[in-house]
Amino acid sequence: MLTIENLRKLFNGRNVLDGVNLSVRTGEAVALIGPSGSGKTTLIRTINGFVVPDSGKVLVGGKVINYSNKESLRQMRKKIGMIYQLFNLVERISVLDNVMTGALGRLDKGIDLISSTLGIFNKKEREKAMELLKFVGIEDKAFERVDRLSGGQKQRVAIARALMQDPEVLLADEPIANLDPKTSRKILELLLKINMEKDITIICVLHHLDTVKDNFNRVVALKNGRVCFDEETNRLSKKHIHNIYEFEEETEYLVA
Ligand SMILES: Nc1ncnc2c1ncn2[C@@H]1O[C@H](COP(=O)(O)OP(=O)(O)OP(=O)(O)O)[C@@H](O)[C@H]1O
Ligand SMILES: [Mg+2]
């Protein structure tokens, strides 16, 4: 269970999060949409502790995140896996080593710390990383350097890395924005398979409404830092879409 209560964040005098309330049950898959600048990434970064809110609460698995307590942040980050648009892998090391770094929990100190700790993984972690590479379908690339992989393969590595810490929640911020349509579909299928088979809660930021409609039962829309729609996807009408994105003309994005 993930609960967000009246979350507020001010950047440069602007309410980027303006009282966000959201409750996501364990095992749910939620698409997060909204115009550019509406606060989606900021919300994701508040949930994983990289942005400290001005007020409000985030609870993961019933526990309130205490942003001023390093141990509380560390515990929370162990429960949360992140997937990014640009994969955020260490390009010059192997696929397997990248996946194993997921076992270190969240590191925000950068690449040097990661590379200096590569010697410390044990047999069990190595086997788990190989298992996960199999699960995401690229075990044959385990010993390749990441910079030799395609975007879709890189995203699979990133997903395996996120799974390494057995997260309760996966937060994916535009995970398919840099991929072609076919690869995008496969990566989304993989994320939803993880959601179904491993019962991992997923919040996925997406821009294409047809993709949302095809894959997610629930959609949450942010607009000016507030939740302006939170319902079953099939209730997302043209009128809602016009309201969320402030379209001035008719669009064919999604027909209700
Ligand atoms: N660290 C920061 N310092 C100052 N302003 C910030 C910071 N992070 C985000 N913002 C501002 O907050 C607003 C919301 O940004 P955010 O990245 O959350 O939007 P978004 O919904 O993810 O947009 P997009 O769809 O383009 O990714 C923007 O106006 C952005 O400039
Ligand atoms: Mg964003």
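Biologist: Which residues come nearest to ligand 1?

Modeller: Of the 14 residues around ligand 1, the nearest are Arg14, Ser36, Lys40, Thr41 and Thr42. Please keep in mind that this is a predicted model.

Biologist: How much of ligand 1 does the protein cover?

Modeller: On its own, ligand 1 has 640 Å² of accessible area, and the protein covers 61% of that. Two elements give two or more residues to the shell around the ligand, β2 (14-24) and α1 (40-47). Helix α1 gives the most, with three residues. By kind, the shell divides into three nonpolar, eight polar and three charged residues.

Biologist: You mentioned β2. What makes β2 an edge strand?

Modeller: β2 belongs to an open sheet of four strands, in the order β2-β1-β4-β5 and with antiparallel pairing. The edge strands are β2 and β5 (63-64), as each pairs on one side only.

Biologist: How do you know that β1 and β2 are paired?

Modeller: Pairing requires at least two bridges. Eight bridges join β1 (residues 2-11) to β2, so the two strands count as paired. They run antiparallel, and Phe11 stands opposite Arg14 in β2. Arg14 is also among the residues that come nearest to ligand 1.

Biologist: Why is Asp18 called buried?

Modeller: Asp18 lies in strand β2. Its relative accessibility is 15%, and buried means under 20%, so Asp18 counts as buried.

Biologist: What makes Arg8 and Arg226 polar partners of Asp18?

Modeller: The side chains of Asp18 and Arg8 are joined by a polar contact of 2.9 Å, and those of Asp18 and Arg226 by one of 3.4 Å. Leaving aside neighbours within four places in sequence, Asp18 is in contact with Leu7, Arg8, Asn224, Gly225 and Arg226.

Biologist: Why is Ile120 called exposed?

Modeller: The cut-off for exposed is over 50%. Ile120 has 54% relative accessibility, so it counts as exposed. You will find Ile120 in the loop between α4 (111-116) and α5 (123-135). Apart from neighbours within four places in sequence, Ile120 is in contact with Leu104 and Glu125.

Biologist: How far apart are Ile120 and Met100 in sequence and in space?

Modeller: They are 20 residues apart in sequence and 9.8 Å apart in space, C-alpha to C-alpha.

Biologist: And why is Ala177 called partly exposed?

Modeller: Ala177 has a relative accessible area of 42%. Ala177 is found in the loop between β7 (169-173) and α7 (181-198). From Ala177 to Glu231, the separation is 54 residues in sequence and 24 Å in space, C-alpha to C-alpha.

Notes:
Residues are numbered from 1 along each chain as its sequence is written. Chains are lettered from A and ligands numbered from 1 in the order in which they are written. This is a predicted model: local features need pLDDT of at least 70, side-chain atom pairs count only at pLDDT 80 or more; totals for chains, interfaces and linings use all residues. Side-chain values use heavy atoms; hydrogens and water are left out. Buried means under 20% relative accessible area, exposed over 50%, partly exposed in between (1.4 Å probe, protein chains only). Contact means heavy atoms within 4.5 Å. A residue is near a molecule or strand if one of its heavy atoms lies within 4 Å of it. Accessible areas come from the Shrake-Rupley method with a 1.4 Å probe; for residues, only the protein chains shown count as cover. Ala, Val, Leu, Ile, Met, Phe, Trp, Tyr, Cys and Pro count as nonpolar, Asp, Glu, Lys and Arg as charged, and the others, Gly among them, as polar. A polar contact is a pair of N or O atoms within 3.5 Å; within protein, one must be able to donate a hydrogen and the other to accept it, and residues adjacent in sequence count only if both atoms are side-chain atoms.
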